[in-house]
Amino acid sequence: MIFRQLFDPVSCTYTYLLASRRGGEALIIDPVLERVDRYLQLIEELDLRLVKAVDTHLHADHITGLGALRDRTRCITVMGEQSGVDVVSMRVRDGERLEIEGMTLGVVYTPGHTDDSYCFTLPDRVFTGDTLLIRGTGRTDFQNGDPRAQYDSIFNRLLRLPDETLVYPAHDYKGDTVSTIGEERAHNPRLQVRSVEEYVDLMNGLKLANPKMMDVAVPANMRQGLDQEEVARRGWAVGAEEAMALLGRRDAVLVDLRERGERERHGAIPGALHVSYQDLQESIRPGGVLHELASATGRRLVFYCAFGERSAMAVQAAQDAGLAAAAHLQGGIAAWKKAGGPLA
Ligand SMILES: [Fe+2]
């Protein structure tokens, strides 16, 4: 496994780069905007292909690198389903799996620091975001934070992991880099409480100043979404009603770019072809399935995904590959459902 812990000294944020092998797919957790060049350089040096960028929660102390990484690598951006952030192209929820080639992360919903906080697990380690820090816990006094929920997330979820599980947090302000679940249970001062009430009192009594970047970072992090309007201006977008009129037509084919879990959970458009976004490049180059389908039969490719982010990037890639008739369903399956489109 390739595992890198990267540090942003301005916000004291840890960012994690993961891959199963050199030359393979990579995933990044909690990237910081100002460090994006460094991440991309490292990704290139290690011969990796970034396919997913994940934030553990909406950050208040730095601007996320998710939007910039998406623009520069066309990777999928991932957050929990509770997040109101528009940059997210794939939403996950508790109990699901987050996959890249050769690696599967568990998804654990751990509200408390914020109501959109998630932790991600590998068999020997857990990425705890700001839920559990080394000898600390994330504050619960803004962004819909809730000390009671955090107590539950820590005591009933994280501390049930094996004692030797490595703990990799999103921040450290003292220079520590890693801990374990057993060590935190025994020595984290915030966890030496006898009841949830005691924890709530402890957290409510902290009286911390707001993070310096909060007024800048929160609004900026809310709006990192891809500009789907720009794709539409070029004539590459269809609305849900227009897409419905394409059903059953022989001159167009709808292409579902989502992963299997997403299709099972939210349903799919009847008759759509499935090519996961990760396999897109392969299939739109000459000789690829979609390239042949579009060029040999003259059928128009209409991509769709969850919210229109991945499909908007797919249209751009298809146009680059010479498939001039390609388009996408603006707003994705979410817009389709809202318009009453049928689901299989
Ligand atoms: Fe945070």
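Q: How many salt bridges does the structure hold, and what makes a residue pair count as one?
A: This predicted model holds 26 salt bridges. A pair counts when a side-chain nitrogen of Lys or Arg lies within 4 Å of a carboxyl oxygen of Asp or Glu.

Q: Why is the pair Glu-25 and Arg-49 called a salt bridge?
A: The closest N and O atoms of Glu-25 and Arg-49 are 3.3 Å apart. The cut-off is 4 Å, so the pair qualifies as a salt bridge. The pair also links distant parts of the chain, with Glu-25 in strand β3 (residues 25-29) and Arg-49 in strand β4, 24 residues apart.

Q: What makes Asp-320 and Arg-74 a salt bridge?
A: Their closest N and O atoms are 3.2 Å apart; the limit is 4 Å, and the pair therefore meets the criterion.

Q: Which domains does the assignment give, and how many salt bridges are counted between them?
A: The domain assignment gives domain 1 (2-222) and domain 2 (228-338), and five salt bridges are counted between the two. Seven residue pairs in polar contact, both residues at pLDDT 80 or more, are also counted between domain 1 and domain 2.

Q: Which elements give two or more residues to the side of domain 1 that touches domain 2?
A: These elements are β4 (49-54), β5 (76-80), β6 (90-92) and β7 (97-100). β4 gives the most, with three residues. By class, this side of domain 1 has seven nonpolar, two polar and eleven charged residues.

Q: How do you know that domain 1 and domain 2 are in contact?
A: Contact requires heavy atoms within 4.5 Å, and 20 residues of domain 1 are in contact with 14 residues of domain 2. The two domains bury about 1,400 Å² between them, 45% of it on carbon and sulfur atoms. In domain 1, Arg-74, Ile-76 and Ser-89 lose the most area to domain 2, together 43% of what that side buries.

Q: Why are His-57, His-113 and Asp-130 called donors of the iron ion?
A: His-57 (NE2), His-113 (NE2) and Asp-130 (OD) coordinate the iron ion at 2.1 to 2.3 Å. The limit for donors is 2.8 Å, so these atoms qualify. Along the chain, the donors follow the spacing H-x55-H-x16-D. His-57 lies in the loop between β4 and α2 (66-73) and Asp-130 in the loop between β10 (125-129) and β11 (132-133), so this pair ties together parts that are 73 residues apart in sequence.

How values were computed
Residues are numbered from 1 along each chain as its sequence is written. This is a predicted model: local features need pLDDT of at least 70, side-chain atom pairs count only at pLDDT 80 or more; totals for chains, interfaces and linings use all residues. Side-chain values use heavy atoms; hydrogens and water are left out. Domain bounds come from an automatic or database domain assignment. Buried area is the accessible area (1.4 Å probe) that two parts lose on being put together, summed over both. A polar contact is a pair of N or O atoms within 3.5 Å; within protein, one must be able to donate a hydrogen and the other to accept it, and residues adjacent in sequence count only if both atoms are side-chain atoms. Helices (H or I, at least four residues) and strands (E, at least two) are DSSP runs, numbered from the N terminus. Ala, Val, Leu, Ile, Met, Phe, Trp, Tyr, Cys and Pro count as nonpolar, Asp, Glu, Lys and Arg as charged, and the others, Gly among them, as polar. Donors are N, O and S atoms within 2.8 Å of the metal (3.2 Å for Na, K and Ca); water is not among the atoms, so sites may look incomplete.
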